[in-house]
Amino acid sequence: MSEREERASEIMVGALDAVALEGRVLAVGVADDVVRALGATGLEVTRWDRWATGGREASALPPEGPYDRVCMRLPKGRDTLSAMLALAAAELVPEGKLWLYGANDEGIRSVSKQLRDSFDHDESVDARRHCRVVQASGVHAPRVSLRDFRTEVEATAGGRTFRFTTLPGVFAHGRLDEGTRLLLENLSVDAAAKLLDFGCGAGVVAAFLGERLGPTAGVDIDAWAIECAQAQPGTWVVGDGLAAAPEGLYDHIVSNPPFHTGKDTDFHVMDALITSAPSRLVKGGRLTFVCPSTAPVKRALDAAFSKVVLLADDRRYRVWEAR
Ligand SMILES: C[S@@+](CC[C@H](N)C(=O)[O-])C[C@H]1O[C@@H](n2cnc3c(N)ncnc32)[C@H](O)[C@@H]1O
């Protein structure tokens, strides 16, 4: 757990000291120690995790309520917060309360506007160690569905125009990422090749390939990404890492793997992909992926594969292919 996550959890747990409740609480994206503390107050805890981080079971929608309380870890991005708040608030009883907690540098001090879309009142109940817990009440959330937050995107890459759907917080929401564009422009797939898109996001690779697509699967840690990708033909699963991909061996693994954790550059998912890809490829199968030009991947690629080719380099991104 990061130092910031620890501080945020600590203040949320501290804020619970004053409450002794019975009823049901929906815990949205909260750390395990906060879940335990919620349970200790007498509340019956149900989790909703949108991201399958750390082996958590993730789903696109909260388990059906009603709930007396919602305890939510502040997600990244204002439109993501609005959408997740609306979905969680719709599960609250009319006299229910929501606690939203996070760090100042994540934007917890300026959540009023998003809260007022679903609640009449909000107040800060604790603020310490650069973190805050905000309580909202007077819920007036109408029933919403994920569809209400969808954006249809039309994009062009390699002279080909294609469409896909995104949701708030899904990678590059509402546009085609420049790294993905370079990958698509340099991607050749064999007809009928069994393809895996690792970190598939909204299913952009499948949308681009269109009728050139063979049997396809994808995995992403974000349940909303998978919700979008499911518009494309294939098997799409929510999960953490290559081990979570649908069973079997693939002819071709394609990826624009993540290279950030929060604000920090972090290549560990990409490194794990390179190391473990050979075990998920048929003999002679290939891995094609894009990464920042600064990513030190060559040594790992040479160690894992016998043939490594740099397909493209636009100074910002590189596309590698390895067999
Ligand atoms: C750079 S984005 C690329 C998304 C999509 N392929 C595209 O190009 O638009 C990386 C994706 O990997 C997903 N991701 C991050 N960590 C992951 C993990 N440990 N396992 C699976 N997917 C992960 C993210 O949710 C994100 O959708």
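Two residues are taken to be in contact if their C-beta atoms, placed from the backbone, lie within 7 Å. The structure is a predicted model, in which local features need pLDDT of at least 70 and side-chain atom pairs count only at pLDDT 80 or more, whereas totals for chains, interfaces and linings use all residues. Residues are numbered from 1 along each chain as its sequence is written.

The buried residues of helix H2 (residues 32-40) are Val34, Ala37 and Leu38, where helices (H or I, at least four residues) and strands (E, at least two) are DSSP runs numbered from the N terminus, and where a residue is buried if 20 or more other C-beta atoms lie within 10 Å of its own, exposed if 12 or fewer, and partly exposed in between. Because these residues cover an arc of only 105° around the axis, they lie on the same side of H2, the arc being that of the directions from the helix axis to the C-beta atoms. Arg36 and Ala40, on the other side of H2, are exposed. The cover over the buried residues of H2 includes H1, strand S1 (23-28), strand S2 (43-48) and strand S3 (67-73).

The axes of helix H1 (residues 3-15) and H2, which come within 9 Å, cross at roughly 5°; such axes are lines fitted to C-alpha atoms, for helices over the stretch in contact, with angles running from 0 to 180 degrees between N-to-C directions. H1 is therefore roughly parallel to H2, a description applied to angles under 35 degrees. Ser9, Met12 and Val13 of H1 and Asp33, Val34 and Ala37 of H2 make the contact.

Conventions: Angles under 35 degrees count as roughly parallel, over 145 as roughly antiparallel, 65 to 115 as roughly perpendicular and the rest as oblique.
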